[in-house]
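Please keep the sequence and the structure in view while reading.

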Amino acid sequence: MRKTALITGVTGQDGYYLSRLLLGKGYRVVGLIPPARKSSIAKLGQLAEQIETYIVDLTNADWLTEAVEQLQPTEIYNLAAPSFVPRSWEDPLGTLDLVTGTATRLLKATRQLGLSTRFYQASSSEIFGDVQSAPQTDETTFRPKNPYGAAKLHAHWTMVHHRDRYNLFACSGILYNHESPRRPPQFVTRKISLAAASIKLGLSDQLSIGNLDAKRDWGYAGDHVEAMWRMLQADTPEDYVIGTGVLHTVRDLVATAFDCVGLDWQKYVASDPSLIREDEHFQLVADPSKANQNLGWQPQVSFEQLISKMVNADLERLKAGDIKPSGATLKAQTEAQTEAQTEAQIKNT
Ligand code: GDP
């Protein structure tokens, strides 16, 4: 029988790559979309024609339960979350309700309906926060440092409690930064790929960046969603950290991106102290050996290939006039305007 996957957060970067993967495997893919985000379906581009969408308020338990009852999903992927971590300070309670509340409501619905649905909870390396040791595993102490991390941790424990008490097949993927051409430009990888492409095409002449020494474990979103799917195909439900296991600095990122377009980054990039974050964590790096051993998972796209994919996609989109260049104009815009612009402009990448 054809499997049904139900996905929250389907119009985000991960929702796109996961849907593409599952459609390729013959799944029926259903995305739950909040009424206020109806227009974001356009972000799925051509995939929108192959995905069924249900308009559901994720904060409404009855509405959500009704959707689960009607769809009887084989698998649920709970990806919905605010996309940009620093913004969670502006609405900590809303973040908690969306992240933890949605996980709780979905788990409760599955249990009450007596379904054998397999449940994936999108967790985040932000739950490690103030890390004391590196690399991290799913056994490492959790010390989140912001409302987003705290909400993701609460959702993680809620999932663990439901799994233990009700014997559900549920698991968390604790994902490190994962990027793609579909990343919005407020994230540093996309900010840099867009700037390198814009400067190459003569559409911009500078890039202001925060801390060049900041480090992250950056992987490719397409690889990370494969791990999500593998977790739900395993014999037993377990939690995994998913990352490349390799740290790079923002300086590496800039150098690699500018290298892709044959430019010397030092001529164009300046560090702006106002962009430097105070609560920075430098040692967030995964130990993905458990995912490798149990799931046979390992990243397929290298750091260099990832950055090249992003820069080339931005070059193409700028040439086609699908997006606006980065630089002075974009810098003057607010983050919200930038995100709205990207959401309207991103096509099938
Ligand atoms: P995050 O890990 O989810 O916060 O992803 P980001 O892409 O926003 O940030 C990744 C890292 O890049 C963090 O350590 C940031 O402090 C660092 N960084 C340095 N300069 C910038 C910048 O100009 N913008 C952003 N977004 N991050 C920057």
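Ser-123 is found in strand E5, which spans residues 118-124; strands (E, at least two residues) and helices (H or I, at least four) are DSSP runs, numbered from the N terminus. This is a predicted model, in which local features need pLDDT of at least 70 and side-chain atom pairs count only at pLDDT 80 or more, while totals for chains, interfaces and linings use all residues. Residues are numbered from 1 along each chain as its sequence is written, and side-chain values use heavy atoms, with hydrogens and water left out.

Leaving aside residues up to four places away in sequence, Ser-123 touches Lys-152, His-156 and Ser-172, among others, where contact means heavy atoms within 4.5 Å.

Tyr-176 carries the annotation "active site" in an unreviewed UniProt entry, and such annotations may be inferred rather than shown by experiment. Tyr-176 sits in the loop between strand E6 (170-175) and strand E7 (178-179), and is buried at a relative accessible area of 1%. The side chains of Tyr-176 and Gln-136 are joined by a polar contact of 2.8 Å (a pair of N or O atoms within 3.5 Å; within protein, one must be able to donate a hydrogen and the other to accept it, and residues adjacent in sequence count only if both atoms are side-chain atoms).

| Side chain | Distance from a polar atom to a ligand oxygen |
|---|---|
| Lys-191 | 2.7 Å |
| Arg-216 | 2.7 Å |

Technical notes: Buried < 20%, exposed > 50% of the residue type's maximum accessible area, 1.4 Å probe, protein only.
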